[in-house]
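This report describes one structure and takes its parts in turn. The sequence and the coordinates come first.

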Amino acid sequence: MGEAIVVTSGKGGVGKTTTSANVGTVLALQGKKVCLVDTDIGLRNLDVVMGLENRIIYDLVDVAQGRCKLNQALVKDKRFECLSMLPAAQTTDKTAVKPSEMKKMVDELKSDFDYVIIDCPAGIERGFRNAVAGADHAIVVTTPEISSVRDADRIIGLLEQEKQITPPRLIINRIRQHLLKSGEMLEIDEIMNILAIDLLGIVVDDDGVISSSNKGEPVALNPSSKAAQAYRNIGRRILGETVPLMVLDEKNGFFHRFKSLLGMR
Amino acid sequence: MSATQPLVTMKGRKDGLVLVMDEACAYRDLVRELKEKLAANTNLYKEGPVISVKVQAGNRYISEVQRDQLKEIIHSFDHLKVEDIQSNVMTLEDIAKKKAQEKIVPIARIIRSGQVLSVEGDLLLVGDVNPGGTVSATGNIYIFGALRGVAAAGSDGDGKDAVIVASIMKPTQLKIGQVISRNENGSVEEMKEDHLLECAYLDEKIGKIVIDRVHAALKKRNLSLVLEKL
Ligand SMILES: Nc1ncnc2c1ncn2[C@@H]1O[C@H](COP(=O)(O)OP(=O)(O)OP(=O)(O)O)[C@@H](O)[C@H]1O
Ligand SMILES: [Mg+2]
């Protein structure tokens, strides 16, 4: 029996889809059987980021409404045998699927896969409730901006009310070193102080993320990029390893303070 | 009932006058005799300083209306001032209300954006109130953590004596009784440098909410009484 992890944020455009694609990819790289689930019905784009758009025949709404079997809707990745995707529908809206139907699909997937990664749409309404319905764990993505942190806090409050989900873990995305240095960006420890949940990883702002999404090739596959290294570490932490945070700034190594957050003394 | 047994007994004390009332007779007889007795003894308090009066009603329930009436009667004599009307009897309703107000409600969690926590009595929160989160209590609020959101103490309307204490005081808004202060220049009178454990209270002289160190606030207010309950 595998486990289902929902990737969510509240605010839009902070990197949920990018995170889902890359976390799924690094887990597949480690040989795990992974299924990515796009619950952003009406605004799907996980398929584009994964470069699998042209392989879609059925989608999650077809499964929910009984037009096909779950297996028939799964799209196989072109790089990894062990990686699949359940695409969202593009032509309907979020009310086309009920949370109970979503949970049934995720439960079925869990019996076939080690990890089911659920890409959640922005917002706190139906789409969010669909995405969390079958999840066992949650990853909250935020950027170092006040509005994004505020929405992450709201989402964490909602996730804490979902009894079946373990305490959510945080990924801070799009850290920009020059802004961090000049004090124009929220510091990591300020964010951690407010959100007070475990830190799963920090991903730098990396142009490589955008160019590789455009190519339909998750950045995690390009080992020379900083973001790829961060996603690989996140993957290992999900698998239960203790991996130190990358030191982005060698000189004063400001990440040493967060070791304790990752369970290291 | 024998006519020799008085319904109202007047006792002079160093610190004022004590009126001991019979607890078994009809209330209207009590009122009649009170008026008579006070009128008969005006020579005691015709002039000179104000004399404070304590009424001891014993095991008789005195309603709000009756309380006001007794005060009115006594105050119709110039130099008398009612200090207290004591009765051993309370209604169940009063007791329930009092109990709820004196209760300390301990809660350990983070109040996150969009969440509201309201309690009757004093709130003892172990955890933070994040921006966008709200806590309110009919009594006082004690936060062992950071207050970054909204806190409303004395929320049943006339709780202007309520206080808000927090380990880290960085509120977006404070409300005590009916007075609101936003975290903008001038709306909160901050007398602090950078201390842990700060206390916000309503300074009625300036009509503003003041944030001060706990022990400084303690001196100004009768906070020790409040904190004793903890
Ligand atoms: N670490 C990063 N560095 C650079 N660009 C990034 C990074 N993470 C995400 N982006 C870019 O930000 C944009 C939004 O990312 P993404 O689509 O993953 O967000 P989302 O949270 O899924 O958005 P939505 O709420 O619309 O679903 C994309 O163009 C993506 O390429
Ligand atoms: Mg998305």
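## A side chain, a ligand shell and a second chain

In this predicted model, the side chain of A:Asp77 reaches the backbone nitrogen of A:Phe80 at 2.9 Å. A:Asp77 sits in the loop that runs between strand 3 (75-76) and strand 4 (83-86) of chain A. Is A:Asp77 buried or exposed? A:Asp77 counts as buried because its relative accessibility is 7%, and buried means under 20%. Apart from neighbours within four places in sequence, A:Asp77 is in contact with A:Met50, A:Leu52, A:Arg55, A:Leu83 and A:Ser84. From A:Asp77 to A:Asp136 there are 59 residues in sequence and 24 Å in space, C-alpha to C-alpha.

A:Ser148 also uses its side chain to reach a backbone nitrogen, that of A:Thr143, at 2.9 Å. A:Ser148 belongs to helix 7 (residues 146-160) of chain A. With a relative accessibility of 1%, A:Ser148 counts as buried. When residues up to four places away in sequence are not counted, A:Ser148 touches A:Lys11, A:Val14, A:Thr142 and A:Thr143.

## Ligand 1

How many residues surround ligand 1? There are 18, and the closest are A:Lys16, A:Thr17, A:Thr18, A:Asn173 and A:Asp206. By class, the shell consists of six nonpolar, seven polar and five charged residues.

| Residue | Protein atom | Ligand 1 atom | Distance |
|---|---|---|---|
| A:Gly13 | backbone N or O | oxygen | 2.9 Å |
| A:Lys16 | polar side-chain atom | oxygen | 2.8 Å |
| A:Val204 | polar backbone atom | nitrogen | 3.0 Å |

On its own, ligand 1 has 630 Å² of accessible area, and the protein covers 80% of this area. Which elements give two or more residues to the shell around ligand 1? In chain A they are helix 1 (16-29), strand 7 (169-175), strand 8 (198-204) and helix 10 (207-215).

A:Arg174 is placed in strand 7 of chain A, an element that gives two or more residues to the shell around ligand 1. A:Arg174 is not a glycine, yet its phi is positive, at about 65 degrees. Its relative accessible area is 35%, so A:Arg174 is partly exposed.

A:Ala196 lies in the loop between helix 9 (188-195) and strand 8 of chain A. A:Ala196 is likewise not a glycine and has a positive phi, of about 50 degrees. The relative accessible area of A:Ala196 is 40%, which means that this residue is partly exposed. The partly exposed class takes in values between the 20% cut-off for buried and the 50% cut-off for exposed.

## Chain B

Chain B has 230 residues, and buried residues make up 44% of them. Its secondary structure consists of five helices and 16 strands. What share of the contacts in chain B with a separation of 6 or more comes from residues 24 or more positions apart? Such residues account for 37% of those contacts. The accessible surface of chain B comes to about 12,800 Å². Carbon and sulfur atoms hold 51% of that surface.

Note on methods: Residues numbered from 1 in each chain as written. Chains lettered and ligands numbered in written order. Predicted model: local features only at pLDDT ≥ 70, side-chain atom pairs only at ≥ 80, totals over all residues. Heavy atoms only, no water. Helix = DSSP H or I, 4+ residues; strand = E, 2+ residues; numbered from the N terminus. Buried < 20%, exposed > 50% of the residue type's maximum accessible area, 1.4 Å probe, protein only. Contact = heavy atoms within 4.5 Å. Areas by Shrake-Rupley, 256 points an atom, 1.4 Å probe, with all protein chains shown as cover. Near = heavy atom within 4 Å. Polar contact = N/O pair within 3.5 Å; in protein donor to acceptor, adjacent residues only side chain to side chain. Nonpolar A, V, L, I, M, F, W, Y, C, P; charged D, E, K, R; others polar.
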